[in-house]
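Q: Hi! I'm new to reading protein structures. Could you walk me through this one?

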Amino acid sequence: MKHLLLIFSLIALHLPADESKHRIIGLSEPSREQDLREQVKTMPGVEVATLNFDTAEVTLHYDPAKLMPSYNPKHPPKTEAITRRLEELLRVASNGTFTLVPLSTLPSDKLQKLEIQCGLLDCLGCRYGAYITIAKLDGVERATVNENALLTAWIDPAKTNREALEAALKKGRVELKTP
Amino acid sequence: MIKLLAFALLAGGLQAAEPTAAFFDTHCIDCHDADTHKGNLDLTALKQNFSDAENFAKWVKIHDLIESGEMPPKKKTRPPAADVSAVTGWLNDTLIKAEKLDAAGRTGVRRLTRSEYENTVRDLFDLPGIALQAGLPADGSAHGFDNNSDALDISHVNLARYIEAADKTLDMAIATRPTAPASEIVRLSLARNYEPDIMLMQGDAILLRDKKIDPVFPPAGEYGHVNQGAHEQLGIFDRMSSVGVFRHEDESWNAYFRHFAALYPGRYRVRASFYSFQWDQGKILPSRGTEAARLSVVQFNDNGRGGQHPSYVLGYYDAPSLESKVHSLDVWLNYKETLGFNVASLAPVVLYRVGTWGQKDRTMGFTGPCIANDWVEIEGPLHDVWPPRSHTLLFGDLPLTEFKGTRPPVRKPLKQEVVSTRNKPELEKGIWTMEPAEPLAAADRLLAEFLPKAFRRPVGDDVRQQYVTQVDARLKAGDCFETAMRWVYRAALCSPDFLYHIEPTDKLDDQALAARLSYFLWNSAPDAELLQHPRDFHAQVERLLKDPKSQRFIDDFLGQWLKLHAIGANDPDKKLYPEFSPYLQDSMVAETRAYFRELIEQNLDAGNLVQSDFAMLNEKLAVHYGISGVSGPAIRRVALPKDCARGGFLTQAAVLKVTANGTTTSPVVRGAFVMARLLGKPPEPPPPNIPAVEPDVQGATTIRELLDKHRADASCASCHAKIDPPGFAMESFDVIGGFRDRYRSLHEKGDPAPRGSIDPKIPISFKLGPKVDASGQFADERKFGGIADFKTMLAADKHQLLHNLAQQLVIYATGRDIAFSDRAELNNIVARTEKQGGGIRTLLHEIVLSPLFQTR
C-alpha cells in the first residue's frame with residue numbers, strides 16, 4: 001500500500017500544473033501586460049500560461065500544494081476555493097489593480113464596441129483611473145485606453161449603453177471631449 | 001498746616017525729622033494736602049508706617065520725585081540743593097533702615113518655573129527633548145519675569161501635575177529591554193505626504209526626476225489628474241520621486257510625512273535634500289535665489305489618523321537654485337512625532353493652489369517659484385550606550401535580567417498608535433528588570449548617587465535613609481525592586497528639594513551659588529564642574545555662556561524682558577499686511593535673539609540696545625527692511641547702510657510686532673514699553689474710569705490726532721508727555737515692523753499702494769492713508785524729527801540704558817525685584833561695568849560678582 005501511494009505521489013509531481021482561465025479587469029493598455037506577469041510571479045505556485053490582451057483573458061497554471069495553505073491531497077480543494085485564492089493573491093500582489101472575473105458568456109459578435117474620446121490622459125494613473133471607472137460597470141465585458149485618451153469598451157447592449165458610460169466618467173471627473 | 005503735617009509724622013510712630021517736615025510744608029503741601037491731593041497724594045494723611053508695602057512704596061516715590069527734580073514742579077520755586085539733599089538723604093536712610101528691619105533675605109522661597117523644571121529634568125536624565133512644560137500649570141509673572149518669587153505659588157494642581165511629569169520622566173528613563181531598539185534608516189518621499197490629492201492631483205506640487213518633470217506623472221494642465229485612488233494603487237507616488245511644491249501651508253492645510261512616526265522617543269538623525277527652481281508653464285528654470293525650506297516637528301493626533309499643525313520649527317534650510325543641498329541635523333523626537341515641511345520663502349497665499357480655484361491650464365499655465373524636496377531620511381533611535389544614561393542614573397550598573405518573580409514592574413506597553421506607519425514595536429520576549437541580590441543595599445547605593453544630583457547639593461544620611469525606608473516598605477508590600485525604586489524616585493522628583501531653589505538666608509553657600517549661576521545662564525541645574533568650582537566666577541560665566549545651553553538664557557530672558565514670548569499673540573490683519581508669514585515671524589525672533597547674543601559675544605555697550613551700525617538678518621528680514629545683498633535663511637551680521645533707520649532693539653521687527661496689535665499701532669503702548677523695558681521707568685497705570693484711546697481701524701484718522709484730543713485733558717497730559725514721545729518716534733514702523741511714511745488703510749478714499757518689496761504673487765487690497773508724523777518732544781522739551789533723531793538722543797544716555805539692563809538682569813538672575821536698599825549696589829554694578837567700557841558681557845560678570853547675586 002505504501003509503495004502504491006509513493007508511486008501515485010511521484011506521478012502527481014510530474015503531472016502538468018492545474019489550470020484556471022479567467023477574464024481579467026485591469027489590462028487597461030498593453031504596458032499593463034508586463035505588470036500582470038511580474039505580479040503573478042509573486043504568487044506562490046502560480047504562473048501565467050496564456051495572456052490575451054485583445055480578449056482580456058488569462059490562463060493561470062498553479063500548483064495547488066503551493067497555492068493553498070492547507071492543501072491536503074486526500075481532499076483536493078474545490079474549484080471555487082482555488083478561484084477565490086487566486087483572486088485574493090492577485091488582488092494583494094497588484095494592490096487591487098487586477099481583478100479576476102468569470103469568462104464572458106456572451107458571444108463576441110453580440111458585443112457592441114464603443115469609443116469615447118476623453119480630454120487628455122497623458123498620465124498612466126489617469127488613464128487607469130478613467131479605464132477602471134467603466135471597466136467595472138455591469139455590462140462592460142472589456143475595455144482599453146490609449147495614450148490619445150481614447151477609451152474603447154465592448155459592452156452588452158442589453159445591460160448598458162454609451163450614456164451610462166459617459167455619465168460614470170463624468171462622475172469620476174474625467175473630462176470628455178465633445179465633438 | 002505745619003502742625004497737621006507734624007502730627008501726621010508723629011502719628012506714624014517714628015520721630016519726625018524737622019528738615020523734612022519743613023521741606024514738605026514749604027514745597028509740597030500746597031498741592032498735596034487733604035483738599036488738593038494732586039496725583040492722589042495727601043501728605044497730611046501719609047503715615048510713616050513702612051511695614052505696610054503700599055505706604056512704603058509711596059515714600060519711595062516721594063524720594064524719587066524729589067531726587068530727580070521732577071518735584072516740586074518746574075513752575076514752582078526751586079528748593080535749595082542742600083534742602084533737597086537733606087530730605088532725600090533722610091528718606092534714603094530711613095527707608096533702607098526700615099527695609100532691612102523687615103526683610104528676611106532678598107529672595108523669597110521659590111520653586112522652579114515650568115521651563116526650569118523641564119530643562120532640569122532634561123539635563124539630569126540626558127533626555128534633551130522630553131516635553132514636560134505643556135503638562136504643567138502656567139506660571140505667573142511678577143516684576144516682569146516668571147521666575148520671580150512673588151509669582152511662584154504652588155497648589156494641589158501643581159503637585160498633581162508634578163506626579164504626572166515624574167511618571168512620564170521615569171517611563172522614558174528606565175530601560176525595559178536588554179538591548180537597544182534597532183536603529184533604522186527610513187527614507188521618505190513627500191509624494192506620500194498628507195494629502196497627495198491636494199498636493200499633486202490638483203497641481204499644488206509636481207513629481208520630478210533629475211531636476212526634470214517625472215514623465216510618469218506629468219503636471220496637470222488643461223485637464224486635471226483624475227482618480228487619486230487609481231494613482232495610489234499603481235504606486236505612482238511610491239517611486240521616491242522628488243516633489244516640487246508651489247503651495248505655502250495655511251490654517252487648513254500643512255504638509256508632513258505621514259508614513260513615519262517615532263515609536264521610541266529619542267535621538268534621531270535627519271537628512272533632507274532640497275533645491276529650488278522657477279517654474280514657467282512647464283519649463284524648469286533657475287530660481288530667483290536661494291529659497292528657504294522649513295522642517296518642523298508634527299505630532300500625530302490621539303487617534304493616529306492625522307497630524308496636527310507643527311509643534312515647533314526645527315529650522316529653515318537653503319534650497320539652492322537647481323542644485324540639491326543635503327542638510328543634516330540631530331533632533332529629538334517624542335512618541336508619535338514626525339516631520340513637517342513647508343515652502344517657507346514662497347508667498348503665503350492661496351493663489352499658489354493652482355488648479356483648484358478655476359485657473360485655466362492648472363500647473364502647466366502657472367509661472368512662479370518652487371521648492372523641491374528630493375527626500376527626507378530619518379535614522380534612529382540612536383543610542384551610543386545601552387542602557388541609556390537616564391537608566392544608569394537611576395539603576396547604576398545593575399544588570400537587566402529576565403524577571404522571574406510574581407509581581408512584575410507596572411509599565412505601559414509600547415504599541416503603534418499611528419494608522420499609516422509601518423514601524424511596529426519590536427517583539428520583546430520576557431520582562432527585563434533589575435533584581436539585585438541585596439535590594440536595600442543597592443537602593444542605598446543608588447540613592448546616594450542620585451539624590452545629590454537631583455537636589456543639586458549634598459544629601460545627608462538621614463534624608464537618604466528616609467527614602468531607603470520607603471523602598472523597604474514597598475518591597476515588604478510585595479513590589480519588585482524596580483517598582484519600589486520607581487516609587488521613591490517619583491517621591492524625590494516631587495519633593496521640595498528638587499522642586500525648589502534651596503538657598504540659605506544670607507550669603508549663598510557653594511551649592512546655592514552654583515545653582516543660581518546655572519539657572520541664570522542655563523535655565524537649568526548646575527553641572528558637576530560648576531558644583532565643584534562655583535566661586536571661580538569669571539571662568540564659570542565664560543564657560544556657561546559658551547555652552548549651547550546658554551541659548552536658553554537668551555530665549556527665556558528676551559522672551560520676557562522684550563516680550564518675545566508674545567510674538568504670536570496676534571496675527572496681523574491679512575488685508576492690511578498680506579505679506580506677513582510664519583517665516584517672517586520666526587525670522588523676527590531669530591534676529592532679536594541673535595542680536596542680543598552678538599552684544600554679549602562682542603561685549604558691546606548699552607548704546608547698542610537702541611542704536612547700532614549692524615543688524616542680524618536673513619534674506620527674509622533684509623527684504624522686509626529694504627536691505628539688499630542678503631541671501632538665504634541663515635541669520636548673519638549685516639552692516640547697515642548709513643541712512644538706514646534700523647539698528648538696535650527699537651527698530652527690530654519682533655519688538656515692533658509685540659508692541660502692536662494685528663491692525664494698528666499705538667504710541668501709548670509702544671511708549672510705555674520703551675519706558676518700562678528699555679529705560680526702567682514704567683509709567684503709572686492709567687487712572688480709573690478713563691476710556692482707552694480707540695484707534696481708527698479704517699485708517700482715516702491717525703492715532704496722533706486721536707491722542708491730541710486725549711492730551712487736551714490736563715489730567716492725562718502730564719503722563720502722556722512722558723509716555724507718548726517714544727511711541728511717536730516708533731510710528732515710522734507698522735505692526736509687522738515694516739518702515740512706513742504713510743499709514744496703510746482699508747478706507748476707500750486712500751491712494752493706491754505701491755507693491756514695494758511685497759511678493760508679486762500676493763494680491764494687495766490696502767490703500768495708503770494719512771502720512772506718518774514720527775516727530776515729537778521729550779518731557780524735558782528736547783525735540784526729535786523722527787526715529788533716527790530719537791534713537792540718537794536715547795543712545796546718548798548709555799548710563800540709563802545700562803542701568804535698566806542691569807536692573808532687569810538682576811531681577812531675572814535673583815528672582816526678586818530690586819529693593820530700595822539694593823539701589824546702591826545696583827549703581828555699583830553699573831559703575832564698575834562702565835569703568836571697564838560698559839560692555840554687556842562685562843555687565844553679566846559684574847552682576848555675578850555683586851553681593852546682590854551672591855546673597856539671598
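A: Happy to! One term to start with: two strands pair if DSSP finds at least two bridges between them. Keep in mind too that this is a predicted model.

Q: Okay, how many helices and strands are there in chain A?
A: Chain A has six helices and seven strands. Starting at the N terminus, their order is α-β-α-β-β-α-α-β-β-α-β-β-α.

Q: Which strands form the open sheet in chain A, and in what order?
A: Four strands of chain A make up an open sheet, ordered 2-3-1-4, with antiparallel pairing. At the edges sit strand 2 (46-52) and strand 4 (99-101) of chain A, each pairing on one side only. From one strand to the next, the twist averages 40 degrees.

Q: Can we zoom in on one pair? How many bridges join strand 1 to strand 3 of chain A?
A: Six bridges join strand 1 (residues 18-25) and strand 3 (residues 57-62) of chain A, and the two run antiparallel.

Q: And what stands opposite A:Lys21?
A: That would be A:Thr59, which belongs to strand 3 of chain A.

Q: Which strands does helix 2 of chain A lie across?
A: Helix 2 (residues 31-41) of chain A lies across strand 2 and strand 3 of chain A, and runs at about 160 degrees to strand 2. Helix 4 (residues 79-93) of chain A also packs on the sheet, where it touches strand 1, strand 2, strand 3 and strand 4 of chain A. The direction of helix 4 makes about 155 degrees with that of strand 4 of chain A.

Q: What about chain A as a whole: how many of its residues count as buried?
A: Of its 179 residues, 30% count as buried. Looking at contacts in chain A with a separation of 6 or more, 59% come from residues 24 or more positions apart.

Q: Last one: where is B:Glu232?
A: You'll find B:Glu232 in helix 8 (residues 228-233) of chain B.

Q: Why does B:Glu232 count as partly exposed?
A: Because B:Glu232 has 17 C-beta neighbours inside 10 Å; a residue needs 20 or more to be buried, and 12 or fewer to be exposed.

Q: And how does B:Arg192 sit relative to B:Glu232?
A: Those two are 40 residues apart along the chain, with 9.1 Å separating their C-alpha atoms.

Key
Residues numbered from 1 in each chain as written. Chains lettered and ligands numbered in written order. Predicted model: local features only at pLDDT ≥ 70, side-chain atom pairs only at ≥ 80, totals over all residues. Contact = placed C-beta atoms within 7 Å. Axes fitted to C-alpha atoms, helices over the stretch in contact; angles between N-to-C directions.
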